[in-house]
Structure formats: structure tokens, C-alpha cells
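Open the model in your viewer and keep the sequence panel beside it. The tour below goes stop by stop: select, look, move on.

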Amino acid sequence: TSQVSELKSDVNGYVIATKLDERYVLDIADADVADGANLQLWERNSKFAQLFELRINDNGYYQIININSGKALAAENGGLIDHTNVCQESIGASKSQYWKLVEAGEGYYYIIEKNSGLFLDVDNAWTENGTNVKLFSQNEGYEAQKWLLIKE
């Protein structure tokens, strides 16, 4: 069952917006708390399903933890190829839960999955509620792979 995603209060975290249209941010579909819940774009609404904590490890990689579920973003089934879906899973040592943030200019970042080296990417560069977010090879200058971290 899904947990009700209440308005944020004093939780520290980040909303992660696409450069395509900063009104659209990373969001866990239906505020689901289960393993395998899908990562998508949704218009910013200040709910916990859109709020993420970034935890860095000794090697400079981050786990991106959804505040609502307490679960980490990961390549679905540890996928290593273009179009691999991104979902959330229980926090663990899986390499597919680790991400590198690389400056992309103008305050934006590329978010690169450690295991595959693939980039977090907005499917078909669409900006509408429910657009899927996946992994894809670097596409230089492609705005669908650039992300703005907004401190909450």
C-alpha cells in the first residue's frame, strides 16, 4: 500500500528538476513505498515523493534516497544497457544504487549510475506528468540529461 505523501515540513533534502522544464521534478510514482516503485517526472507539488536525500560515500558516489519511502534510486534489476528503467529499492550495497554527480554547466548536473556509466535521462525529452525516467548513454549537450538540485 502507498503511504500518504504529506506536505514537507522541516525535512532537509533536494528536489531534482529537469533542465527541460524546471517545473517538472523527479517523483516516485503514486508516492509508493515498495521496492520497484517507478521513478518519473511530475509537476512540482512539495510532497515527500519528490524529496530526496543525497548520501555520499568515501569514493565520491551518492545514494539518492527518497524521503517518503526511505529507499534508494537504482537501475532496475541492475540493468547495464540504454533504456534501463530507474526505480527505488531497499538501501543496500548494490552498485546500481550509487550515482556520480558531474557538473554540466550553468548549475546543472549529470547524474551517472556507477555500475553502467549511463546517465539519468528523461524519456523522449518529454515534460508532462508521468514521463518515465531511464538510463541512457551520454548525449552531449542534451538537456534531458541535465538536472538541477534544489535544496529544500
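## Stop 1

Select Lys-19. At 17% relative accessibility, this residue counts as buried (buried is under 20% relative accessible area, exposed over 50%, partly exposed in between, with a 1.4 Å probe and protein chains only). Before going on, note the ground rules: this is a predicted model, where local features need pLDDT of at least 70, side-chain atom pairs count only at pLDDT 80 or more, and totals for chains, interfaces and linings use all residues. Residues are numbered from 1 along each chain as its sequence is written, and side-chain values use heavy atoms, with hydrogens and water left out.

Glu-143 sits in the loop between strand 11 (133-136) and strand 12 (147-151), and Lys-19 in the loop between strand 1 (14-18) and strand 2 (24-28), so the pair ties together parts that are 124 residues apart in sequence. Glu-143 is partly exposed, at 34% relative accessibility.

Lys-19, Glu-106 and Glu-143 are linked in a network of salt bridges.

## Stop 2

The whole structure has eight salt bridges. Select Arg-23 and Asp-21 for one of them: their closest N and O atoms are 2.6 Å apart. Arg-23 is partly exposed at 49% relative accessible area, while Asp-21 is buried at 16%.

Next, pick Glu-53 and Arg-55. Their side chains meet in a salt bridge of 2.9 Å, N to O. Glu-53 is partly exposed at 29%. Arg-55 is partly exposed too, at 35%.

## Stop 3: rings

How many aromatic pairs does the structure hold? One. Select Tyr-110 and Phe-119: they are edge-to-face, 5.3 Å centre to centre, with 80° between the planes. (Rings of Phe, Tyr and Trp, the last by its six-membered ring, pair if their centres lie within 6.5 Å; planes under 30 degrees apart count as stacked, over 60 as edge-to-face and the rest as tilted.) Tyr-110 and Phe-119 are both buried.

Select Lys-151 and Tyr-14: the charged end of Lys-151 sits over the ring of Tyr-14, 4.8 Å from its centre. Then select Lys-114 and Tyr-98, where the charged end of Lys-114 sits over the Tyr-98 ring at 5.9 Å from its centre. (The test is NZ of Lys or CZ of Arg within 6 Å of the ring centre and within 35 degrees of the ring normal.)

## Stop 4: Lys-134

Select Lys-134, in strand 11. Is this lysine buried or exposed? Lys-134 is buried, with a relative accessible area of 5%. Leaving aside neighbours within four places in sequence, its contacts include Phe-119, His-83, Val-86 and Asp-121 (contact means heavy atoms within 4.5 Å).

## Stop 5: two positive phi angles

Select Asn-77. Its phi is near 55°, a positive value in a residue other than glycine. Asn-77 lies in the loop between strand 6 (72-75) and strand 7 (86-89). At 77% relative accessibility, Asn-77 is exposed.

Go to Ala-125. Its phi is also near 55°, positive in a residue other than glycine. Find Ala-125 in the loop between strand 10 (119-122) and strand 11. Ala-125 is partly exposed at 28%.

## Stop 6: zoom out

Show the whole chain as a cartoon. The chain has zero helices and 12 strands (helices are DSSP runs of H or I with at least four residues, strands runs of E with at least two, numbered from the N terminus). Its radius of gyration is 14 Å, close to the 15 Å that the globule rule gives for 152 residues, so the chain is as compact as a globular protein of that length. (The radius is taken over C-alpha atoms; the rule is 2.2 Å times the number of residues to the power 0.38.) Along its principal axes the C-alpha trace spans about 35 × 35 × 25 Å. Buried residues make up 46% of the 152.

Last, colour by pLDDT (the predictor's confidence in each residue, from 0 to 100). The chain mean is 92, and 93% of residues reach 70 or more. Select residues 1-10: here the pLDDT is below 50, and the stretch has 25 contacts in the model beyond near neighbours in sequence. Where pLDDT is low, the predicted coordinates should not be read in detail.

Notes
Salt bridge = Lys/Arg side-chain N within 4 Å of Asp/Glu carboxyl O.
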